[in-house]
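Dear colleague,

Please find below the structure for your review. My notes on it follow directly after.

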Amino acid sequence: MLVRLTGAECIVVGIVTSILFSSRRKRHMPSAAQLKLDRAALQTQAKIKDTAVTIYLTDDNVVVKQNNYSVFPLADIFAVEAEATSPTLTIHVAMRKKQTVAKIIATFGSQEDVTTWETQLCAAAHLPPPPSFESNSEESNKPTEGPRGLLPKIRVMIIVNPFGGKKKAPILWSQHCLPILNTSRQFEITMNETTHAGHAQEMVHSMDISQFDVIGTCSGDGLVHEMLNGLLTRPDWDNARKLPLALIPGGSGNGVAYSLGNINAQQAGIAITKGNTSDIDIFSVWYNNKKGELCRKFSILSLTFAFIADVDLRSEGKRWMGPSRYLLQAVLQVMKYPKYKAKLSYLPKTESPPEPVDVGVPGPPSILKHAPNDQPPEDWTTLEDFLFYWAVTNVQWIDAGDTKASPQADFNDGLMDLGFAKHNKDTGRLWATKQMLKLENGGHTADQQFQYHQVHAAQLIPLCDDAVMSLDGEFFPVTPVTMEAHHGLCRVLLPPGITTKGWRSD
């Protein structure tokens, strides 16, 4: 029943709601014990806007106590600045919900207090050390491992695709990510915009990598794919692959960035300032081109076929809708409910995978001993059937927050995650609709009709005409392919606290 309220009644409801919300918020105010203030590394009297406060540095937070406690997670602190002429320290904090930034400007009793706070806070928040602790040697300008991540000065090149997704990448970069980096004052930024398809791969393939400590993209998964293939097809690929990769979400899919914890451009900026790196698996995709020549592409996200590829690629004309385009296309595909015949094979997880050998071209060695359309060895599992779903993935999410294709995926385990479902009497439109709704949280993999395997390698030979294949979210020729995983081949920048299973892996 629809209840209509008068203007006065609306005001009353608003006041009551505000009171209830305020009281609930007070009841959940954290206590000193919850904040572990008794174990704080630092506890100092200071002033903020002429108001006396106590500031604590705990294992996880900076806590400001006045009448109540204001809590600022160390993971959200991206810069610390000490003034040379007064005992004042400025702490820059990202406000995640609003995707804005804030400053804590605290005046201490002495310059010694400021120095102590600056030094210990930079270390606790995994930020580059303050200027007074920098070395003047050339080595201080190169990325090095350590508890504080990458040491200054850090030279960053970001490639921005102004045409990706809803064409918001330039705004996301300039308004949400770049200010984070500029505030820290530890970075030299070079930004290049792409002008045509394949431009990012061309730039990365020919760039002088000695001029940069970090390279990255601000766009969707397609630009990440281009950057990766530019790196790994270079003659010096084994050196180029060690450059940390910064992945700033600015497209319509953003599956890789989301899986790594970079859920928005601001978080990606913080990941760069922290310098928290991890190795990440890459997989090769071998296929024959139209001339019959053996070719290789590198993938960081996924190779998909059947329903999941149809949803991704047949929604290209609806990019103006943003992520909603995938849901609409999924509904259309369920209504059509096509069948996709294919022959698939895979090498299951084993303690003793084949030894890789050099293949005579730029890129990592290979464990494969057969061509993309040849019969695989006997230790592979092979079947031929009509498929509804088929995907090989490297990370959990292939579409940010909407498609958790592989909930068990670990992006640094040396394995690919293969999932597929066959057509049979129990997998009709109703079943397909239920699986579509489960894709958001990965629940589809628990269905008894769904097979999920961790594999070292896989092969797919399409045996149907009306089908598409998607490699890292982009069109790929519908042709026999063989894939293999390369353990920890590249390095990526992650926000603090993110494991190799990535964002929301529980």
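**N262 and its surroundings**

A polar atom of the N262 side chain lies 3.3 Å from the backbone oxygen of L247. A polar contact here is a pair of N or O atoms within 3.5 Å; within protein, one must be able to donate a hydrogen and the other to accept it, and residues adjacent in sequence count only if both atoms are side-chain atoms. N262 sits in the loop between α7 and α8 (265–274), where helices (H or I, at least four residues) and strands (E, at least two) are DSSP runs, numbered from the N terminus. N262 is buried, at a relative accessible area of 1%; buried means under 20% relative accessible area, exposed over 50%, and partly exposed in between (1.4 Å probe, protein chains only).

The model is predicted, so that local features need pLDDT of at least 70 and side-chain atom pairs count only at pLDDT 80 or more, while totals for chains, interfaces and linings use all residues. Residues are numbered from 1 along each chain as its sequence is written, and side-chain values use heavy atoms, with hydrogens and water left out.

**Cavities**

The count comes to 2 cavities of 30 Å³ or more. On a 1 Å grid over the protein atoms alone, a cavity is a set of points where a 1.4 Å probe fits but cannot get out, and a pocket is an open set with protein on both sides within 12 Å along at least five of seven lines; lining residues have an atom within 4 Å of a point. Grid points are joined across faces, edges and corners, and a volume is the space filled by probe spheres set on the points.

The second largest cavity has a volume of about 40 Å³. L247 is among its lining residues, which also include T217, D221, I248 and N254. Two or more lining residues come from each of β10 (214–219), α5 (221–232), β11 (244–249) and α7 (255–259), and β11 gives the most, with 3. This lining divides into 6 nonpolar, 4 polar and 1 charged residues. Here Ala, Val, Leu, Ile, Met, Phe, Trp, Tyr, Cys and Pro count as nonpolar, Asp, Glu, Lys and Arg as charged, and the others, Gly among them, as polar.

The largest cavity holds about 80 Å³ of space. Its lining includes F307, Y389, W431 and H444. β16 (381–393) and α11 (429–438) each supply at least two lining residues, and the largest share, 4 residues, comes from α11. The lining of the largest cavity has 9 nonpolar, 2 polar and no charged residues.

**The second largest pocket**

This pocket has a volume of about 540 Å³. It is lined by 14 residues, of which V71, F72, P73, M95 and K97 are the closest to its centre. β4 (69–73) gives the most to the lining, with 5 residues, and β6 (88–95) supplies at least two.

**Strand β1**

Strand β1 (residues 42–48) covers one face, with L42, T44, A46 and I48, and leaves Q43, Q45 and K47 on the uncovered one. β1 pairs with β2 (residues 51–57) in the antiparallel sense over 7 bridges; two strands pair if DSSP finds at least two bridges between them. Q45 stands opposite T54 in β2. In the hairpin of these strands, K49 takes a positive phi near 55°. β1 also runs antiparallel to β7 (residues 100–108), joined by 2 bridges, and K47 stands opposite T107.

With kind regards
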